Amino acid sequence: MNKSNKKVIIFGAGPSGLFCAYHLLKTGHQVELYDHQGGVGKKFLVAGHGGLNLTHSEDLDQFALKYGKDSQHFSSYLSEFSPENLRQWCHNLGVETFIGTSGRVFPKKLKSSEILFLWLKTLKEFPNFRLNLKHKLIDIDFQEKIAVVQSKDKEDKEDKKELKISADYFIYGLGGASWKKTGSTGEWTQIFIRNQIKCNAFQPMNCGFERKWSEYFKEKVDRYPLKNVKVTLAHHSILGEVMLTPYGIEGTTIYALSKQIREEINQFQKATIYLDLCPHWSEEKVLEKLSKKKVKTSLSQHLKKSLHISKECNILLKELTTDDEYKTSSSLAKRIKNLPIELNRPRPMEEAISTSGGIDWQELTPNLELKKYPNHFVMGEMIDFDAPTGGYLLQAAFSMAYRVAQNINSML
Ligand SMILES: Cc1cc2nc3c(=O)[nH]c(=O)nc-3n(C[C@H](O)[C@H](O)[C@H](O)COP(=O)(O)OP(=O)(O)OC[C@H]3O[C@@H](n4cnc5c(N)ncnc54)[C@H](O)[C@@H]3O)c2cc1C
């Protein structure tokens, strides 16, 4: 380990904060990590509930494109700390990973809580590391490099103490604004805004959308996954799963299109997506199959047998077509290939997997340092970027944290 007499304070013990701490500790910096929660990585724990998708195995150019308008920034961060580097780091931690059929990367055996345990254990082995939980960042004097934190006494929850702390470098990995109970409250924007740092309003990303289904639909379908369907909005199309829910729809395809759907709703108060229920067959083929229905077979039985349209999917078709459309083969074939679903609003931000909004890129140097306030760095979901699910959010947090740590390390 190198020797450094520099003190670095990191606020936020999510993936970005924990990962940055690791690389700074290796260089020998004195690292103090603060979080207002009673434990670390609460959102990382939640992310593990449905299968922790750490990153994606596609090539770097394709990967970077997932960040849309910000792909150039990410191309640079990914070139320094790539998905392969992340897999190697997991391996060194004792966490084996595998590539799923969709190219997504997951841990082989361990749960996110077990990964977090190993991660924290590694950090605690460094003598130059201090973790301060239940400490909330409430103010920053950026010029003087002094932060004000409020600590909650372990014994008395009401007993709040204010401390002023100073350091050579400050790093912030304070997260977005969904799943507030994990600690990602987004309250930190107030501190940055009053110090003239532009923060864009938070908006839900990777979220479900609401529409009004009939009572019959809600009762009969409840929650149901439509697999292997194609979802189209304007010129964006995605193949995958759509989850029908009593409030509307969600699922991987909808998350991936959530930015476009949300923007359309912001502009027109509604967005219409189109489902192709049989993406592997042409409309002519669907019509041909429909025309083979025998008189004795019901239409729902025939749809199931010849087009693999389930009972729930059939209820969806009936919900979104007129009687005439449903009963006429040619118009039914059209609807099966192009079923419009009007969406009216995103689900509340609290439920979103991620949020866009936060610190505007124009405030940052390529090394993620605040242009107005040198020696203050930001990283992870607190920066205003969008990415779909698929491991792109966690990889972003890791790659940005690496860039920040490398930059500070290079200033030794
Ligand atoms: C249900 C769900 C599933 C997900 N699944 C995946 C997935 O499979 N793959 C993927 O790539 N991503 C997934 N994500 C997203 C991913 O978890 C986040 O993008 C990632 O955790 C962001 O890391 P971060 O370090 O930037 O911020 P966070 O993880 O949000 O960490 C921010 C930290 O800052 C602390 N903090 C905030 N304000 C203060 C303050 N004032 N003072 C002190 N501390 C403060 C918080 O307590 C928190 O610990 C999922 C998210 C959710 C909600």
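**View 1. Asparagine 200, a partly exposed residue.** With a relative accessibility of 21%, asparagine 200 counts as partly exposed, because the buried class holds residues under 20%. This is a predicted model, so keep that in mind as you explore each view. Look for asparagine 200 in strand S11, which covers residues 199-205. Which residues does asparagine 200 touch, leaving aside its neighbours within four places in sequence? They are Gly357, Gly358, Asp360 and Asp384. With one of these, aspartate 384, asparagine 200 makes a polar contact from side chain to side chain, at 2.8 Å. Now find isoleucine 359: this residue and asparagine 200 are 159 residues apart along the chain, and their C-alpha atoms are separated by 6.3 Å.

**View 2. Histidine 308, in a loop between two helices.** Here we move to the loop that links helix H12 (299-307) with helix H13 (311-319), where histidine 308 is found. Is histidine 308 buried or exposed? Its relative accessible area is 62%, so histidine 308 is exposed. Not counting residues up to four places away in sequence, histidine 308 touches Trp281 and Leu303.

**View 3. The largest nonpolar core, around Phe11.** In soluble globular proteins, nonpolar side chains tend to be buried together. The largest nonpolar core in this model has 81 residues, and Phe11, Tyr172 and Phe192 have the most contacts inside it. Helix H16 (residues 392-410) gives the most to this core, with eleven residues. Zoom in on phenylalanine 11 and you can trace its contacts beyond four places in sequence: Tyr34, Leu137, Ala147, Val149, Ile165, Phe170, Ile171, Tyr172, Gly173 and Leu174. A second, separate core has 40 residues, including Leu316, Leu332, Ile336 and Leu343.

**View 4. Helices H4 and H16, packed together.** Helix H4 (residues 71-80) and helix H16 pack with their axes 9 Å apart, at an angle of about 75°. That angle makes H4 roughly perpendicular to H16, because angles from 65 to 115 degrees belong to that class. Which residues of H4 meet H16? From H4 come Phe74, Ser76, Tyr77, Leu78 and Glu80, and they meet Gln395, Ala396, Ser399, Met400, Tyr402 and Arg403 in H16. The residues of this contact divide into six nonpolar, three polar and two charged.

How values were computed:
Residues numbered from 1 in each chain as written. Predicted model: local features only at pLDDT ≥ 70, side-chain atom pairs only at ≥ 80, totals over all residues. Heavy atoms only, no water. Core = buried A, V, L, I, M, F, W, Y, C linked by side-chain atoms within 4.5 Å. Buried < 20%, exposed > 50% of the residue type's maximum accessible area, 1.4 Å probe, protein only. Helix = DSSP H or I, 4+ residues; strand = E, 2+ residues; numbered from the N terminus. Contact = heavy atoms within 4.5 Å. Axes fitted to C-alpha atoms, helices over the stretch in contact; angles between N-to-C directions. Parallel < 35°, antiparallel > 145°, perpendicular 65-115°, else oblique. Nonpolar A, V, L, I, M, F, W, Y, C, P; charged D, E, K, R; others polar. Polar contact = N/O pair within 3.5 Å; in protein donor to acceptor, adjacent residues only side chain to side chain.
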